[in-house]
Amino acid sequence: MMIALFSMLITVEAQSGLNIEPLFAGKIIPQQRIVETRVKGKMLSKYQLSLFRSVRFKANNKQEITRVHDLIELDKKKYSDNTYSENYSSTKSRSKETLMLQLPKEGNHNRFLCYKRNNEEVTVIYMEGTLNSLDTLRELIK
Amino acid sequence: MTTEEFQQQAEGIRLQLISVAQKYLSSTDEAEDIAQDVMIKLWLMRNRLTLPIVGFASMVTRNLCIDCLRRKHPTIDIATLPDEEDLSDDGEQIEQMLKVIDTLPSAQRTILRMHHLQGMKTKEIAMVLGSTEVAVRKTLSRARSVVRKRLIALFAAASLLIGISTMTIRYLNVESSDECVAYIYGKKYTDQQTVLAEMKHTMGEMTEDNAQNEIEQQLNDLFSN
């Protein structure tokens, strides 16, 4: 019982368990080269979200793109039934690609993982909340 | 019965009582404890006793052995467990220790009290109980050891509870707290306007209509082959 209680009490980052997690943890691209946002709580309620995390950066070389791409690819495979929308290539030959995954729910929260690459510009977003779909989010942002 | 009469009787029946107790209990130490216990009970009621006391003492020994066997399957009343607050200062810690002493078998409890609270020497205690100084020291040592172990267990449980409570409070605070931070090329921004603007920009970029991009992409793919 104590072990269960302890494991409940240890704070776990919401996006942990994803293959792309090291990017959010700053283990792939150094912090000096990224734009990172972490927003949690009431200020997200208008977007029907409770947590928003994003990382964007300009890749210095092909290896950085490949590494992030491969991690996203692993998450895509892991949650292949949950692909929300994609314009995405597994071969990495395209210069532009987007992928949006709706991850399995955690409690009452819907979870989304979004990836976009425009040449060397890479953006990855993780979101949690009562938001039902990314179409709704698109409407809310307008 | 006078004190002198009691002392004479005590010396004579002690071994007999140990023998009675050994029939019920496998451990010689436990049998000695029970005999000690009986002697204390008899000492406390010596004014009401009449000679000879051996029959009565044997009956008391049997009853205490049965009690001892019952105690081998103890239960704990949750309501009697200490709150963490009970251990918050010295006075309460002493009270806690006295509570632990009260849970000892009566021989251990009485000898501990005689020695530490009433300031009696082990020799004096041995005389009063019709026992030997060595046996009294042994009982005293066992009693201290039990008290020490139980107090350590209590304090450990209390520390664990405090630790868990602290972690829970911290966890709940972390969970419920708002966070608003952006790191832009290593520089930290916490003002809501900058962070939300950055967030909205990133969100918008992600959810923007990709029709134009898709056409460009297809043209690129077509001409790159």
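I count two residues as in contact if their C-beta atoms, placed from the backbone, lie within 7 Å.

**Ground rules.** My model is predicted, with local features needing pLDDT of at least 70, side-chain atom pairs counted only at pLDDT 80 or more, and totals for chains, interfaces and linings using all residues. Residues are numbered from 1 along each chain as its sequence is written, and chains are lettered from A, ligands numbered from 1, in the order in which they are written.

**Entry: H2(B) and H5(B).** I took helices (H or I, at least four residues) and strands (E, at least two) as DSSP runs, numbered from the N terminus. I looked up which residues of H2(B) meet H5(B): Asp33(B), Gln36(B), Asp37(B) and Ile40(B) face Ser106(B), Ala107(B), Gln108(B) and Thr110(B). I sorted the residues of this contact into two nonpolar, four polar and two charged (Ala, Val, Leu, Ile, Met, Phe, Trp, Tyr, Cys and Pro are nonpolar, Asp, Glu, Lys and Arg charged, the others, Gly among them, polar).

**Entry: H3(B).** I checked the buried residues of H3(B) and found Ala57(B), Val60(B), Thr61(B), Leu64(B) and Cys65(B). Here buried means 20 or more other C-beta atoms within 10 Å of a residue's own, exposed 12 or fewer, and partly exposed in between, with C-beta atoms placed from the backbone. These buried residues pack against H1 (3-24) and H2 (28-44) of chain B. On the face turned away from them I noted the exposed Gly55(B), Met59(B), Ile66(B), Leu69(B) and Arg70(B).

**Entry: chain A.** I found four helices and six strands in chain A, running α-α-β-β-α-β-β-β-β-α from the N terminus. Buried residues make up 34% of its 142 residues. Of its contacts between residues at least 6 apart in sequence, 50% join residues at least 24 apart.
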